[in-house]
Amino acid sequence: MKRMIMMILMAVVVMAGAVHAAPKKDGKPDGGSLSYGEYGRPATLDPITSNEMISLRITELIFNGLVGINEKQELVPELAEKWEASKDGRTFTFFLRKDVTWHPLEGEAPKPFTADDVVFTYKIMMHPKTITPLKVRYEFIDTVEKVDDHTVRFTLKRPVLNALAKFSFKIIPKHGPANPFLTRDDRFVQRPIGTGPYMFKAVTPEREIILAANDNYFKGRPHLSQIAEKPFADQNIMTQALMFNAIDMIVLVNPRDIPEIQGDKRFVLKTYNALSYSFFGYNVRNPLLADKRVRRAFTLAVNRQEMLDSFFSGQGTIISGPFAPGSWAYNLDVQPAAFDAPKAIALLQEAGFTRGADGFMQKDGKKLKLSLKVPIEKESEAVKRVVLAFKNYLKNIGADIKVEFKEWQAWKEDVFLEHDFDIIFASWVFDDSADISSLFHSGEIGPWKNNFGGYANPEVDGLINESKLTLDHEKRRTINRKLHALLAEENPYTFLWNLTNYAAYRDKVRRVAIHPYKFFSFADEWFMEAKDQK
Amino acid sequence: MTRFSLLIGIMMLVASPVPAADDPVQKAMKAYEKHRYEDAGRDLRAALPLLEQSKQSPAQLTLGMIYLRNAELHRELAQVSAAVNADYLRRLAAERGANRSRYSDLYLGLALIESGKAEAATSALEKFFAASEDAKYKVIAKIAMGTAASLAGDSQKAQELWSGINGSDPEVKTELAAAYSRAGLQDKDPVRLCDAALADGRKSGKAISIMAVKNCIGVYGRAGAPDKGFDLLSRADLKSYFYRDAIGKSKVLTFYDVQLLSNLSVFYFQASLAALEKASADQQLKGFASYYLGEAHILAGNTDQAAKATATFLASPQMPPQYKNRAMVRQGAIQHQKGKQSEAIGVWDDLIRKQPGEPELLADILIACSWLRIDCPRVAQTSAAAVESGDGKRFAILNVGLGRYALGKKDLGKAVTYLETGRDKGNKNKIESNDPLMLVNLSDAYYRTKKFSEALEIYFEMSKQFPQVRQIQEALQGIYSMEHKSAGDVKIN
């Protein structure tokens, strides 16, 4: 883009007042402990191998990127105190802070953060043996080089839109992982070392993760002395834990509990992150699901509005395609397909299915029988009802669905590693970029990659490629509208709904600003008055 | 909500042998309570010819109320749309090179007219006029330049620009009609021009264009011809774009004229006044109708008529006290508009002294302050203390009042906090649970604090009842796509 090419120098001075190993100078008290509830457990605690939101939120407390984004949505310095971009937008040089140290290991002095750590992070991310969804996001980087201990230079294969924002990826220490690649077997993924406001301290027998304030944090010691993440297998119990003082915060409130919390002045409800949606995803490796008419029939067979109204009290919005309704990329001209069971049956018949004596559809002697895998930690009442309703809707058109609840980690292995499923029920959460390339591009089929269903369509690939290459915002928007329309027709998923998202917390926690995606980005400034500290 | 106690009063006046659920007036009232103004108005209009005589006046009163709320909502939407579209179009107009659309200058000019920025509008329109080769749209730009001149007080220049324009194209004819109507040139007979243009369009068999709808709805509104306007609206698709510019294979820009929303607001205000005048002819309903007439007149800028209607209402016996409060707050606002600031403050202070901490009263005063664009620090302070100590839904309205006041003062953090507190979060974007006017204010506060997805979510739901918000959605999406700074992350949940 011309604007990018014209960019000669972007230099930002270090934020005033940031002093090594010093308290913040905002006059707010230090101390107190915050315990927050999550629905489920994090699989990993590192920013490279994680692919779910619970891990992302914790890593936001432990790690930093070269750049960050402030509450006004502006790019600000983090580990890099300033940077320069070349005229052609292909070279970015970052000048690193010299006052940053890694969280110390017990009995050891803190190690300094240097350019070696930045180079190491990029290399471990791109290592063929590292399993990470980040590879696709950083394919545009050609080389990275250490200029000196506190200067690092990235050369891009081509200029890209929002290039600087992409350098917000979290930096990990060279002395952290055991190997030049990172897998989930590495001790580092469960005992992370970062530069962030909070340090990993312990995991309790109840699987609670305890983080302690980093006294040496380069932006000043965070106010709260401890943050603890408490996992819950049941959303109702999590809400009760908040009501009865067992936790101070819920990052994502069960929509059904919002009225109860809203009526209680002890709590604050804060809306954030509108960019998520739920879906049934299909494994197109199964020949029965490879036919798009079958997938379309499933979408038409499901009364989404009835499910949303019955199981979530209508607290959400039915969607028509691969973007959330609050996204800039949503195609407003594409309407959600209306519930139409007779048309669904006609489509199955058109695809060669006939009703068998048992009432189920069959083709070439093979019954239309499929597995639906759901992670057990998502086995809330509402989710259970959704999947059972789905089973019944599909039974009405002659498809036999066997629902299997699986333990979270086992479910992820079945879905992302083994691809051993026919249908899944899950949700995606996006940052503002609304980037669906890792979900539907054929290059993203493979172990631990996000295109778990093996969906491949040259037209979709072409549009995604074109979208990545353009430097024109409006062109990218047009391409995304086409993608939306195409994927709404193709039904690699049955796109369901975007639910109402609120965080809830006790009013004793002050100055709470929430990042719309990463959640804890500003948590170092949260505080409690001395009288409210536990 | 107490607002509806008055509706109950109206219902009591409607002696009906028909079961309540089937009564068209009551059905319309229910839709009105759920803020479904378009549905409510359409269904009751359709039922009007079949209603017995005794129900005609209550039906007119109900229609007047529906149109008034719809007018107020559209006025707010028009203001928001003008600001958001101008932001978006400025960015498009600032682009250079082959991928730039010239039409961004034209539509920027049109948006700036709606923002009252005649000089900047003229500059953008002249730029389009000089560079474009599209004869029809050059004429449209020329007409708009005349409107900008007229707004700037140069009616002679406006007349010069409009003279000699060939109005053979039906859409151009409606543009001229709208310009004449807006400038008050009744001798040019804008209604006849619109009638002729729409008849020409009908003859051609083409679907009615959004440009013609935008223009003629304003013309019919100003001319007091609601029936023609409603007929036009019944055939219109209000979410249609005005111009689509395809640049190369993969870039398509859609442009919208912000004036659609301001003309809808004008139209609904006039329709409201007409219906309320009919209702006030009924002695039984005169008091109720006067209350709303006073509100409609003050919102339409007719201070004297507002004062008269409000006085009539206050003289009526047995009116609900909260409506008396609201009417007296309005009287204060009228005094203020007439330059009697101390009298206005005196009226409000007196009301607060007699009913300390009354949330609806405080909210009404704050909203009046916000509307008058004046500082009311003592009322704001008292209100903030009241919501701090108060509890429950009763104080939701005061939180909304504080939020609107803060938004007017550009204190965006406070605006979001108060409006969110007043929002029914269980159904956060549903107009049935939240006043759409409040949602528009909240969306505006989110937009200005760059929480674009929150702003867009609100319009996504609202578009189901008010498809004309598409122009705001598209502009918001455009700005969001340019502004966001994210790495491209996605996670399973």
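Which residue does a disulfide join to B:Cys194? That was my starting point, and my notes follow.

1. The partner is B:Cys216, with an S to S distance of 2.2 Å; a disulfide here is a pair of cysteine sulfur atoms within 2.5 Å. Before going on, a word on the basis: this is a predicted model, where local features need pLDDT of at least 70, side-chain atom pairs count only at pLDDT 80 or more, and totals for chains, interfaces and linings use all residues. Residues are numbered from 1 along each chain as its sequence is written, chains are lettered from A and ligands numbered from 1 in the order in which they are written, and side-chain values use heavy atoms, with hydrogens and water left out.

2. Back to that bridge. The link of B:Cys194 and B:Cys216 is left-handed, with -95° about the S-S bond. The pair ties together distant parts of the chain, 22 residues apart: B:Cys194 sits in helix 10 (residues 190-204) of chain B and B:Cys216 in helix 11 (residues 210-222) of chain B. Helices (H or I, at least four residues) and strands (E, at least two) are DSSP runs, numbered from the N terminus. Both B:Cys194 and B:Cys216 are buried, where buried means under 20% relative accessible area, exposed over 50% and partly exposed in between (1.4 Å probe, protein chains only).

3. Over all chains the structure holds two disulfides. The other links B:Cys369 to B:Cys376, S to S 2.0 Å. Its torsion about the S-S bond is about -100°, so this disulfide is left-handed. B:Cys369 counts as buried because its relative accessibility is 0%, and B:Cys376 is buried too, with a relative accessible area of 4%. Counting bonded cysteines along chain B, the pattern is 1-2, 3-4.

4. Now for a contact between the chains. Helix 14 (residues 473-490) of chain A and helix 24 (residues 470-483) of chain B have axes that come within 9 Å and cross at roughly 115°. The axes are lines fitted to C-alpha atoms, for helices over the stretch in contact, with angles running from 0 to 180 degrees between N-to-C directions. The crossing of helix 14 of chain A and helix 24 of chain B is right-handed.

5. Which residues of helix 14 of chain A meet helix 24 of chain B? They are A:His473, A:Glu474, A:Arg476, A:Arg477 and A:Arg481, facing B:Glu474, B:Gln477, B:Gly478, B:Ser481 and B:Met482; contact means heavy atoms within 4.5 Å.

6. On to the sheets of chain A. An open sheet of seven strands runs in the order 8-9-10-1-11-23-12, with mixed pairing. Its edge strands are strand 8 (198-203) and strand 12 (267-271) of chain A, each pairing on one side only. Two strands pair if DSSP finds at least two bridges between them.

7. Strand 10 (residues 226-232) of chain A deserves a look. It pairs with strand 9 (residues 209-213) of chain A in the antiparallel sense over four bridges, and A:Gln226 is the bridge partner of A:Ala212. With strand 1 (residues 33-39) of chain A, strand 10 of chain A pairs in the parallel sense over seven bridges; A:Glu38 stands opposite A:Pro231. Five of the seven residues of strand 10 of chain A are buried, so the strand is largely enclosed by the rest of the structure.

8. Strand 5 (residues 91-96) of chain A also has two pairings to check. Strand 4 (residues 80-85) of chain A pairs with it in the antiparallel sense over five bridges, with A:Ala80 partnered by A:Leu96. Five residues lie between the strands of this hairpin, and A:Gly89 takes a positive phi near 70° there. Five bridges also join strand 5 of chain A to strand 7 (residues 151-156) of chain A, again antiparallel, and A:Thr91 has A:Thr155 as its bridge partner.

9. Last, a three-stranded open sheet in chain A has the order 15-16-17 with antiparallel pairing. Strand 15 (354-355) and strand 17 (366-367) of chain A are the edges. Strand 16 (residues 361-363) of chain A pairs with strand 17 of chain A over two bridges, and A:Lys363 has A:Lys366 as its bridge partner.

Definitions and conventions:
A crossing is left-handed if the near helix is turned anticlockwise from the far one by less than a right angle, and right-handed if clockwise.
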